[in-house]
Amino acid sequence: MKALVYHGPKRVSVDTVPDAKIEKMTDVVIKLTTTNICGSDLHMYEGRTDVEKGKILGHENLGEVVEVGKAVDTVKKGDKVVLPFNIGCGFCANCEKGLSGYCLTCADPKVMPGMAGAAYGFAGMGPYSGGQAQYLRVPYADYNCLQLPEDADKKENDYVMLSDIFPTGWHATRLANLQPGESIIIYGAGPVGLMAAMSARIQGASQIFVVDGQADRLALASEIGATPIHTKDGDIGDQIRELTHGLGADCGAECIGYQCSNSAGKEVPNLVMNSLVDSVKATGSLGIIGVFVPKDPGSDDKLAKVGQIAFDLGKFWFKGQKMGTGQCNVKAYNRRLAELIHHDKANPSMIISHELPLEKAPEAYKHFDNRDKGWTKVILKPNDA
Ligand SMILES: NC(=O)c1ccc[n+]([C@@H]2O[C@H](COP(=O)([O-])OP(=O)(O)OC[C@H]3O[C@@H](n4cnc5c(N)ncnc54)[C@H](O)[C@@H]3O)[C@@H](O)[C@H]2O)c1
Ligand SMILES: [Zn+2]
Ligand SMILES: [Zn+2]
């Protein structure tokens, strides 16, 4: 089969690799009909993780079931399914609690003591291949496959966003404890930040502020109903206080991660976290879903190399704020978010800028990584003729 393979920093190619196959009786194999490129892939693409060469990338996957393991009960050949980017077992202590992003059974025990969680095609998240390919092995298929309703084909480009960014954006608003009628500030107008804005709108936020330095992405935030805040227009905290009677936003979300940069394009790892503390009101909650890593040897910043930032803990503490972090537990949301798509209450496909065949993936990585104008979200169709 054809698959997008990582060969080193900024080097990916579409190669012929062995076909995905059933390895355990609880697996299925799907034929990918849509798979996305994600901002998380860029951390790997840029060589800023320890992902191994030869890895097939791709964790935002939707397709048709073509092979079914003997112990799979509810998933049948021909079913159209979307997969959470996390791989869970459904029966460990964390999966039982709904924390499917922290599965103990599927985690790679070699990574680090105390770590949990697994994902397709991801650094430090187990040996699983990704889905930027023609076929994909899905472990514990009964648990991981979300079967789609009869409009699966028609709304495929919406449903594929259930694999990651729509639930992740939603998760950011839940970690931020957004309540109807409250305001939220969202840092980052990438796909995840935009999905957080859409989630906040659906949940009845009174004001949604989205911060970024990319005008094309901020225009999408406006389309969703948010107030765009450009990083070039001065201090973010001052701008937000002016719009919120001097108090700051009721809550906030970080949707950028450890590679956030200043307006000159230089990475400043603590910039957004400290701005978030500053721009959210006293007692407000912060949802941090942008990725931060335990070590980042590729960073120029001394603290970041060992996974630390100079955080305004004093201001955070004095303001009595709370913080939630980590991978989204996609299973906790995807079934209900699918209903919102099915009943026309959410249209996450509105952020798609490019729909391409798998062969064009290396080119797409380059443009998306450069944050080239208009390259907001790329989806790939690996099995289209
Ligand atoms: N927690 C999870 O489960 C989860 C899931 C998916 C993605 N993520 C992470 O979420 C983050 C965002 O993903 P994405 O796909 O939207 O990525 P992206 O890289 O496309 O978007 C990030 C955006 O942040 C903007 N930005 C950079 N520095 C900024 C600053 N100082 N102020 C304001 N804006 C700034 C960029 O211009 C860009 O538009 C990534 O770190 C990704 O790995 C986490
Ligand atoms: Zn993703
Ligand atoms: Zn589990």
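Guide: Welcome! In this predicted model, local features need pLDDT of at least 70 and side-chain atom pairs count only at pLDDT 80 or more, while totals for chains, interfaces and linings use all residues. Residues are numbered from 1 along each chain as its sequence is written, and chains are lettered from A and ligands numbered from 1 in the order in which they are written.

Visitor: What makes ligand 1 lie between domain 1 and domain 2?

Guide: Domain 1 (2–164 + 329–381) and domain 2 (166–325) both give residues to its shell, so ligand 1 lies between them. The domain bounds come from an automatic or database domain assignment.

Visitor: Which residues come nearest to ligand 1?

Guide: They are Gly39, Ser40, Gly190, Val192 and Gly257, out of 33 residues around the ligand. A residue counts as near if its C-beta atom, placed from the backbone, lies within 6 Å.

Visitor: Why is one side of strand 10 and of strand 13 left without a neighbour in the sheet?

Guide: The open sheet has six strands in the order 10-9-8-11-12-13, with parallel pairing. Strand 10 (227–230) and strand 13 (322–325) stand at the edges with a single partner strand each, so one side of each has no neighbour in the sheet. Strands here are DSSP runs (E, at least two residues), numbered from the N terminus.

Visitor: How do you know that strand 8 and strand 11 pair?

Guide: Two strands pair if DSSP finds at least two bridges between them. Strand 8 (residues 183–187) and strand 11 (residues 251–254) have four bridges, in the parallel sense, so they count as paired. Ile186, for one, has Ala253 of strand 11 as its bridge partner.
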